[in-house]
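Here's a quick tour of one protein, written for someone new to reading structures. Have the sequence and the 3D view open while you go through it.

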Amino acid sequence: MPANRQLQQVVVVGAGVAGMRAAETLRQDGYDGALTIVGAERQAPYHRPPLSKKLLSGQVHRAGVDMAPQFDMDARVIRGASAVSLDMSARTVQVRDDGQNLSLGFDGLVIASGAEPRKWPGGPTLDGVFLLRTVNDCLGIRERLGSRPRVVVVGGGFIGSEVAATCRLLGLDVTLVEKAAGPLVQALGAELAPCWAKLHREHGVDLRVGVGVDEFVGNGRVEAVRLTDGSQVPADVVIVGLGVTPATAWLEGSGLHLDDGVVCDATGAAEGDTGDGNVVAAGDVARWWHPLYERHLRTEHWDDAARQGEAAARTLLAGPEHAEAFGAAPYFWSDQYDVKLQMLGMPTDYDAVKIIEGDPGTWEFIGAYGRGGRTIAVLGTIPGRVHAYREALEKRAEFPPSRPD
């Protein structure tokens, strides 16, 4: 899409996949003004999906997760800096960089500040209790895994499930604790999530479900985890995965509409007091209106973040009158043991589910989710097969969908 308006100063807050794809797209689509990228971490931009899998296990080295730059973007990159506030009337972002305060002016802003892991609600924890969000978190955990510890994973979402699988593949004793009826229930639903509970148990994970954590036990260093059912699980390393919250604290009082993220229209333009539409958002921090689902969605997945970054950049260049809605079906995947879970679409508020190909017992199957007689999502364990149903989703095909040729 050619640029429809002239911008001279664009600031991108966030150096993850959404922010970097936005910056690359700005340059690729003809923006030749000043470009500043603010990243909270000191490392060069990197991919997060391997942190719970191949980087954690040591299958790839640290450099193997770095984003390969496609070209010289001619950008000012400020690393290890935090955006602390946004002044829409002055069109400035206030940044804290190595103890110094910077004021960055803009006539175009990409908000891609990502999300932050939820901390343990009980306050400070013992040594050996970790969160996993950054590459440094991953390397710190990986160093501890070398001593063959007993591992407890708290939280059975995607990160917790992947970490548990990775640690079992390393031959470690692993206990996975999940408050819900099983891992991935919130993401996959009560009908199909039990497949993954079975998978973990078959691989030797001590799966504790319907139970929470009362406290971490130890004298300075964790030795056990006491659960709400009164049992106690020995632990040398604990990885806590309680989900994330969008990083929007710096946007409070800015006039932008904040509600579980930066609320955006279908083009990625931030809602609220944005002047002439010069603010867009993408990635984990953004909650976009999705034309297919007719609701706002915040998806927290790598593929969506990348495509949103590209779309948001084009919206910024085009301006509100010429911006195009982004309505592609969300997509994500998760590797656990030798099973690749792939989901196309969002099964939010589904009212029907059906296996439409294969057999879950063989781990080669496709399942479809429906709502109101229409297909809204497709889950598969046959690599790549879910993409054959993209047209069915985007055309709101009847449920269950016909099997593509």
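Helices here are DSSP runs of H or I with at least four residues, strands are DSSP runs of E with at least two, and both are numbered from the N terminus. By that count, the protein has 8 helices and 26 strands. Keep in mind that this is a predicted model, where local features need pLDDT of at least 70, side-chain atom pairs count only at pLDDT 80 or more, and totals for chains, interfaces and linings use all residues. Residues are numbered from 1 along each chain as its sequence is written, and side-chain values use heavy atoms, with hydrogens and water left out.

**Overall build**

- The radius of gyration is taken over C-alpha atoms, and the globule rule is 2.2 Å times the number of residues to the power 0.38.
- For 405 residues, a compact globule would come out near 22 Å, and the protein has 22 Å, so the two agree.
- Along its principal axes, the C-alpha trace spans about 60 × 55 × 35 Å.
- Buried means under 20% relative accessible area, exposed means over 50%, and partly exposed is in between (1.4 Å probe, protein chains only).
- Of the 405 residues, 52% are buried.
- A contact means heavy atoms within 4.5 Å.
- Take the contacts with a separation of 6 or more: 62% of them involve residues 24 or more positions apart.

**Surface and charge**

- Accessible areas come from the Shrake-Rupley method with a 1.4 Å probe, and for residues only the protein chains shown count as cover.
- The protein exposes about 17700 Å², with carbon and sulfur atoms supplying 46% of that.
- For charges, Lys and Arg count as positive and Asp and Glu as negative, while His and the chain ends are not counted.
- Each charge is placed at NZ of Lys, CZ of Arg, CG of Asp or CD of Glu.
- On that basis there are 40 positive and 52 negative side chains, and the centres of the two sets lie 4 Å apart.

**Domains**

- Domain bounds come from an automatic or database domain assignment.
- The assignment gives domain 1 (9-116 + 245-318), domain 2 (119-242) and domain 3 (338-395).
- The C-alpha centres of domain 2 and domain 3 are 28 Å apart.
- These two do touch: 12 residues of domain 2 are in contact with 13 residues of domain 3.

**Two buried helix residues**

- Leu145 sits in helix H3 (residues 135-145), and it counts as buried because its relative accessibility is 5%.
- Setting aside neighbours within four places in sequence, Leu145 is in contact with Leu56, Val151, Cys167, Leu170 and Leu172.
- Leu145 and Asp236 are 91 residues apart along the chain, yet their C-alpha atoms are separated by 9.4 Å.
- Glu162 belongs to helix H4 (residues 158-169), and with 5% relative accessibility it counts as buried too.
- Beyond its neighbours within four places in sequence, the contacts of Glu162 include Ser52, Lys53 and Trp333.

- Most residues other than glycine have a negative phi, and most peptide bonds are trans.
- Arg91 isn't a glycine, but it has a positive phi of about 55°.
- You'll find Arg91 in the loop between strand S4 (81-87) and strand S5 (92-97), and it is partly exposed because its relative accessibility is 27%.
- Asp98 also has a positive phi, near 50°.
- Asp98 is in the loop between S5 and strand S6 (100-105), and at 61% relative accessible area it is exposed.
- The bond joining Phe399 and Pro400 is a cis peptide bond, with omega about -5°.
- Pro400 is in the segment after helix H8 (390-394).

**Loop alanines to look up**

- Ala90 is in the loop between S4 and S5, and its 45% relative accessible area makes it partly exposed.
- From Ala90 to Asp214 is 124 residues in sequence and 48 Å in space, C-alpha to C-alpha.
- Ala190 is in the loop between helix H5 (185-188) and helix H6 (193-202), and it is exposed at 56% relative accessibility.
- Ala249 is in the loop between strand S17 (244-246) and strand S18 (262-264), and it is exposed at 66% relative accessibility.
- Ala249 and Asp29 are 220 residues apart in sequence and 31 Å apart in space, C-alpha to C-alpha.
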